[in-house]
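Please prepare a briefing on the structure shown below. It should cover helices, individual residues, the surface and charged pairs.

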Amino acid sequence: MSLNDTQQALCDESDTDFSALSALFLNCTLKPSPQSSHTRTLMDTSAAIMRENDVDVDIVRPVDLDLAPGVYGDMTEHGADADDWPALYQKVLGANILVLGSPIWLGEKSSVCQRVIERLYGNSGDLNEDGQYAYYGRAAGCLITGNEDGIKQCAMGILYALQHLGYTIPPQADAGWIGPAGPGPSYGDERDDGSRVGVDNDFTQRNTTFMTWNLMHTALRLHEAGGVPAHGNQRTAWEAGCRFDHPNPEHR
């Protein structure tokens, strides 16, 4: 199918400046470094698009860190011997874009991904300078890989959690790849002919690309606007008695 002039113009290199943005990819594989990660292989595609557009990208593998279980900002204050979360949390706060990547196990996101979400939740009461929850003004998405059904199931849980914490979720904010049901090659594995499994899948290529651009577009709009407008969503104002037009329950 050939492109008309309008479509061709859309294919040309973007003239939007994304250089003010940063992105943090958390690869929630169960495999510690330096083991090969199929989820990382898919993440690299999204990260490459961002880097091509001058976004500062950092990719972290949480399984390499000592993330204590719990829902507090620093679990060493609650009995843990060590906790790398506070340092990782600073990386989270420093990023305009957060992408959680997870393999599928038994139809669900990995235990590492769930741990990360729990630790994000532990700081969900932190406030920014406008009195909003700390994760406001940032965009988030997710990438999923596996050999069993569950891309949408995992994405639903991850994206719900992220928006509940305050992240802005753009349209088409998830992408993934699954192979045939049952044991078999995973995303990025090499075939006998030298090609790699999944990387030529148009559905995955398209959705990963759309997700990446939508994250950049959304994060840039939020960055330029100074975040989400601070009215009607300030916890400090609510606690001070402001009700932002909520009807008085005593007057029916």
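Which residues of α6 are buried? In α6, the buried residues are Thr204, Asn207, Thr208, Met211, Thr212, Leu215, Met216, Thr218, Ala219, Leu220 and Leu222, where buried means under 20% relative accessible area, exposed means over 50%, and partly exposed lies in between (1.4 Å probe, protein chains only). The model is predicted, so local features need pLDDT of at least 70 and side-chain atom pairs count only at pLDDT 80 or more, while totals for chains, interfaces and linings use all residues. Residues are numbered from 1 along each chain as its sequence is written, and side-chain values use heavy atoms, with hydrogens and water left out. Helices (H or I, at least four residues) and strands (E, at least two) are DSSP runs, numbered from the N terminus.

**Helix α6**

- Helix α6 covers residues 202–225, and its 24 residues should span 34 Å at 1.5 Å a residue, which agrees with the 34 Å between its end C-alpha atoms; the expected span is 1.5 Å times one less than the number of residues.
- The cover over the buried residues of α6 includes α2 (38–52), β3, β5 and β6 (174–178), contact meaning heavy atoms within 4.5 Å.

- Helix α4 (residues 111–122) has 12 residues, which should span 16 Å at 1.5 Å a residue; the end C-alpha atoms are 16 Å apart, in agreement.
- Val112, Cys113, Val116, Ile117, Arg119, Leu120 and Gly122 are buried in α4.
- Packing against these buried residues of α4 are β1 (22–27), α3, β3, β4 (108–109) and α5 (151–165).
- Asparagine 123 lies in the loop between α4 and β5, and asparagine 123 counts as buried because its relative accessible area is 5%.
- Apart from neighbours within four places in sequence, asparagine 123 is in contact with Gly73, Trp85, Tyr89 and Tyr135.

**Threonine 145 in strand β5**

- Threonine 145 belongs to strand β5 (residues 139–146) and is buried, its relative accessible area being 4%.
- The side chains of threonine 145 and threonine 39 make a polar contact at 2.8 Å. A polar contact is a pair of N or O atoms within 3.5 Å; within protein, one must be able to donate a hydrogen and the other to accept it, and residues adjacent in sequence count only if both atoms are side-chain atoms.
- Beyond four places in sequence, the contacts of threonine 145 are His38, Thr39, Leu42, Ser102, Pro103, Ile104, Trp177 and Tyr187.

**Proline 86 in helix α3**

- Proline 86 sits in helix α3 (residues 85–93) and is partly exposed, with 27% relative accessibility.
- Leaving aside neighbours within four places in sequence, proline 86 is in contact with Gly73 and Asp74.
- The C-alpha atoms of proline 86 and methionine 75 are 9.0 Å apart, and the two residues are 11 apart in sequence.

**Nonpolar surface patch**

- Leu30, Trp105 and Leu106 make a nonpolar surface patch of about 380 Å². Patches are made of residues with over 30% relative accessible area and no salt bridge, like charges being joined within 9 Å and nonpolar side chains (Val, Leu, Ile, Met, Phe, Trp, Tyr) within 5 Å; accessible areas come from the Shrake-Rupley method with a 1.4 Å probe, and for residues only the protein chains shown count as cover.
- Tryptophan 105 is part of strand β3 (residues 97–105) and, at 49% relative accessibility, is partly exposed.

**Salt bridges**

- The count is five salt bridges, each defined as a side-chain nitrogen of Lys or Arg within 4 Å of a carboxyl oxygen of Asp or Glu.
- One of them joins aspartate 58 and lysine 91, with the closest N and O atoms 3.1 Å apart. This pair links distant parts of the chain, 33 residues apart: aspartate 58 is in strand β2 (residues 56–60) and lysine 91 in helix α3.
- Aspartate 58 is partly exposed at 29% relative accessibility, and lysine 91 is partly exposed at 41%.
- Arginine 191 and aspartate 200 form a salt bridge whose closest N and O atoms are 3.7 Å apart; arginine 191 is partly exposed at 31%, whereas aspartate 200 is exposed at 53%.
- Glutamate 239 and arginine 235 form a salt bridge of 2.8 Å, N to O. They are four residues apart in helix α7 (residues 235–239), which means that about one helical turn separates them.
- Glutamate 239 is exposed at 55% relative accessibility, while arginine 235 is partly exposed at 33%.
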